Amino acid sequence: MQRKAEPGHYDYLPYFDRPVITWPKGARLAFWCAPNIEHYEINPPRNPMRSPWARPVPDVFGYSWRDYGNRAGVWRMMEVMDRFGVRGSVSLNVAVADHYPEIIEACVARGWELFSHGVYNTRYTYGMSEDQERALIADVKESIKRCSGQDLKGWLAPAITLTDRTIDLLAEAGLIYTLDLFHDDQPMPVKTPSGRLVSVPYSLEINDFTALYQGAASPTDYTDMIIAQFDRLYAEGAEGGRVMCLPLHPFLIGQPHRVR
Amino acid sequence: MSLPDDYLRYPMRRRGMDHDRYAYSSLFARKPVLWPGSARVALWIVPTLELFPLDMPIGNVKPAGALDRPYPDLWNYTLRDYGNRVGAARIFRALERRGLKASVAMSAGLVGCYPHLARECVRLGHEIVAHGLDMGHVHAGDLAENVEREWVMQALAKLRAASGQAVTGWYSPAHAETWATLDLVAEAGCAYVCDWANDDMPYRLNTASGKLHAMPHGFEVSDLQLFHVYRKTAGSYVRQVTDQFDQLYREAADHGGRIVTLSLRPWVSGVPHRIAAVEAVLDHILSRAGVWNATGVEILENWTAQQV
């Protein structure tokens, strides 16, 4: 497929002096928390563009670290979110509903939204045909409906792997938002041939995966980053509503020394 | 560049794990454990003494601390060797002065070059855990099963002979395993492994040849991870490890006894500018009531007896 120099998914809009976004009850900031509830397979199939594990399988070190999230971390994270009255919108590898239904039942019981993070975090969209991508979207839609009764609205590509078609196919399938574009701090319209799609701000900056795992931040430094992010967006919110997303991974944030 | 049709088939998409080595279990849905003396936390200290041979091969799994400069990499060889010569003595002294016992994971090759280390462990009442032959023998990838069996048997035989202990704990170099490792270490009489990072408590592993459990290793708050991989300061180390302890200590009030594992590499934390951080962590933990210091095999036996 021909490569493009620009994604072509959105137009430029100056950041300041935009039409004002008004949130309910005059809020300056829409804060949302996105637990990434994932399963990484111990022996996934090969994808020619990305190797799922750093080591030969079984990568006991990598696999068991991620598995910590589903055995221990997710439950600790839920307890903290309950305590602060924060609901989650779950970035879900939908196979988790098959492997660990008790986790999904706990999310649904809390009134949390489920959105798509693919089937497994070890099945990448890279290299999929159009039919395969449609089949993936259909699988996720059906799986989320079955485990929660919810209609699928949003998409964060599995392991943030996309093709040039992904965004258009999401709109065509009736989804209303994508989280795979990191170009703004406010929701932005996405240009698609069919349907309407909005880009909602997620974050790869105050994401625990990029900050704690890739960035080796201490829990104290990470807390400072999140507060700084909030303070600036809250201040700017006086000029029009902003969005702050806190994406979390139970295998990282649910560790005892970090959950505090 | 397209993917085969079966890329979207999921043969292991089912209830429970995508393998048969262990069952899924939520940490917070289990029967609470009661430690001796109603202790809230079992303190498990795991100093790990590693032999990095000067001519070690670097395969597709590179252990942290591997000799990755051109041969002869005396820079890294002697830094690691420092741990076995000086750092270990410093850590053993810190433990002895506090009356603490540990499970010392040891490359079996150290029995040959530093025979006093195993003797010192025995004298101090430490349990010896097998840490493979040395850091150049990594159990990973397509290592042939008969070769791996020989590595396991040899490592255990050397450490058992040197210590007179049963040596029933196994810790693979670099947390690496092949598909066969668990079967082979169970076959060789091991009771537990420390390679799996997915739990804060022991759990049962299925093997072809005998009872085996995973013990929680706490690698995220190990000196290796915080100092060597994440490059944190001593102050940050103390804060993170004491936070780990405080959280598990608090949880134990509602969920039963927990385990705090203190994983120490003498080549990392046995240096003069870091040893005080280790001592500060130990003193913080020992200042709390309800801490039971035990070896891995003692913790596992106590836990197992409560699982019926």
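**Salt bridges, interface and buried residues**

Colleague: What relative accessibility does A:Lys4 have, and does it count as buried, partly exposed or exposed?

Modeller: A residue is buried under 20% relative accessible area and exposed over 50%, with partly exposed in between, using a 1.4 Å probe and protein chains only. A:Lys4 therefore counts as partly exposed, its relative accessibility being 45%.

Colleague: What kind of model is this, and which pLDDT limits apply?

Modeller: Residues are numbered from 1 along each chain as its sequence is written, chains are lettered from A and ligands numbered from 1 in the order in which they are written, and side-chain values use heavy atoms, with hydrogens and water left out. This is a predicted model, in which totals for chains, interfaces and linings use all residues, whereas local features need pLDDT of at least 70 and side-chain atom pairs count only at pLDDT 80 or more.

Colleague: Which residue forms a salt bridge with A:Lys4, and how many residues apart in sequence are the parts that the pair ties together?

Modeller: A salt bridge is a side-chain nitrogen of Lys or Arg within 4 Å of a carboxyl oxygen of Asp or Glu, and A:Lys4 forms one with A:Asp164, the closest N and O atoms being 3.7 Å apart. Helices (H or I, at least four residues) and strands (E, at least two) are DSSP runs, numbered from the N terminus. Because A:Lys4 lies in the segment before strand S1 (29-37) of chain A and A:Asp164 in the loop between strand S4 (154-155) and helix H5 (166-172) of chain A, the pair ties together parts whose separation in sequence is 160 residues.

Colleague: How many salt bridges are there between chain B and chain A, and how far apart are N and O in the one between B:Arg13 and A:Asp139?

Modeller: The count between chain B and chain A is seven. In the salt bridge where the side chains of B:Arg13 and A:Asp139 meet, the N to O distance is 2.9 Å.

Colleague: What area do chain B and chain A bury between them, and which three residues of chain B supply more of it than any other three?

Modeller: Contact, meaning heavy atoms within 4.5 Å, joins 58 residues of chain B to 63 residues of chain A. Buried area is the accessible area (1.4 Å probe) that two parts lose on being put together, summed over both, and here it comes to about 5000 Å², 55% of it on carbon and sulfur atoms. Of the area that chain B buries against chain A, 16% is supplied by B:Tyr7, B:Arg13 and B:Tyr24.

Colleague: How far from A:Cys107 is the nearest cysteine sulfur?

Modeller: A disulfide is a pair of cysteine sulfur atoms within 2.5 Å, and the structure holds zero of them over all chains. A:Cys107 is in no disulfide, and the nearest cysteine sulfur, that of A:Cys147, lies at a distance of 9.0 Å.

Colleague: Is A:Gln186 buried or exposed, and which residue's backbone oxygen lies 2.7 Å from a polar atom of its side chain?

Modeller: A:Gln186 sits in the loop between strand S5 (177-178) and strand S6 (188-190) of chain A, where it is buried, with a relative accessible area of 5%. Leaving aside neighbours within four places in sequence, A:Gln186 is in contact with residues including A:Arg18, A:Ile21 and A:Ser199. The backbone oxygen that lies 2.7 Å from a polar atom of the side chain of A:Gln186 belongs to A:Gly241.

Key: A polar contact is a pair of N or O atoms within 3.5 Å; within protein, one must be able to donate a hydrogen and the other to accept it, and residues adjacent in sequence count only if both atoms are side-chain atoms.
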